[in-house]
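Please find below my notes on the model under review. They are set out as numbered points and may be read alongside the coordinates.

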Amino acid sequence: MAAIAYPVPAERRPNLVLVPPYEGPTHRTHRTISRRSTLRRRRVAVLAAIVLLVLAGQFAVHTASAWLGGGSLAASEPRSAAAPASAVYVVQPGDTLWTLARRAHPAGDLRPVVGRLAAALGDRPLRAGQRIVLP
């Protein structure tokens, strides 16, 4: 902060007015909060904290079970020993083992499926019109 002092003629000097000190209330100007409402607010806060903890626990349990690969802790039903249904496919021009593997298994790693198809063909090339059993 800087101040510059220079002489000012008396007629141009501003009149200074003294302001009396503020003598307002020295205590709270807001209404006093009753003890009953304070207790009520605390109860609501504790109840909200409990609800949030329960919800967080439920979320953690569901997330952990999904991460571990299971939905419920109950034993799942045994899978049938029957082989999955196979489909017969007629090879079209431009088909490859990789496109056939993708058709048989739309998601996941295709290398094992391509290996099984190649082994079933006896490492012979595909021909248009050939019938293949897709795994």
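1. What does the accessible surface of the chain come to, and what share of it belongs to carbon and sulfur atoms? The surface comes to about 12,600 Å², with 62% belonging to carbon and sulfur atoms; areas are from the Shrake-Rupley method with a 1.4 Å probe, and for residues only the protein chains shown count as cover.

2. On the basis of the notes: this is a predicted model, in which local features need pLDDT of at least 70 and side-chain atom pairs count only at pLDDT 80 or more, while totals for chains, interfaces and linings use all residues. Residues are numbered from 1 along each chain as its sequence is written, and side-chain values use heavy atoms, with hydrogens and water left out.

3. The chain has three helices and two strands, in the order α-β-α-α-β from the N terminus. Helices (H or I, at least four residues) and strands (E, at least two) are DSSP runs, numbered from the N terminus. Of the 135 residues in the chain, 12% are buried (buried: under 20% relative accessible area; exposed: over 50%; partly exposed: in between; 1.4 Å probe, protein chains only).

4. Helix H3 (residues 111-121) has Val113, Val114, Leu117, Ala118 and Leu121 buried. These buried residues fall within an arc of 135 degrees seen down the axis of H3, so they line one face of the helix; the arc is that of the directions from the helix axis to the C-beta atoms. Arg111, Ala119 and Ala120 are exposed on the other side of H3. The cover over the buried residues includes H2 and strand S2 (131-134). Just after H3, Gly122 has a positive phi of about 70 degrees.

5. Asp95 sits in the loop between strand S1 (87-90) and helix H2 (97-104). Asp95 is buried but has no salt bridge, and the nearest side chain of opposite charge, Arg103, is 4.7 Å away (Lys and Arg count as positive, Asp and Glu as negative; His and the chain ends are not counted). The Asp95 side chain does reach the backbone nitrogen of Gln92 at 2.8 Å.

6. How many salt bridges are there? The count comes to one, a salt bridge being a side-chain nitrogen of Lys or Arg within 4 Å of a carboxyl oxygen of Asp or Glu. Arg111 forms a salt bridge with Asp109, the closest N and O atoms lying 2.9 Å apart. Arg111 counts as exposed because its relative accessibility is 58%; Asp109, at 42%, counts as partly exposed.

Methods
A polar contact is a pair of N or O atoms within 3.5 Å; within protein, one must be able to donate a hydrogen and the other to accept it, and residues adjacent in sequence count only if both atoms are side-chain atoms. Contact means heavy atoms within 4.5 Å.
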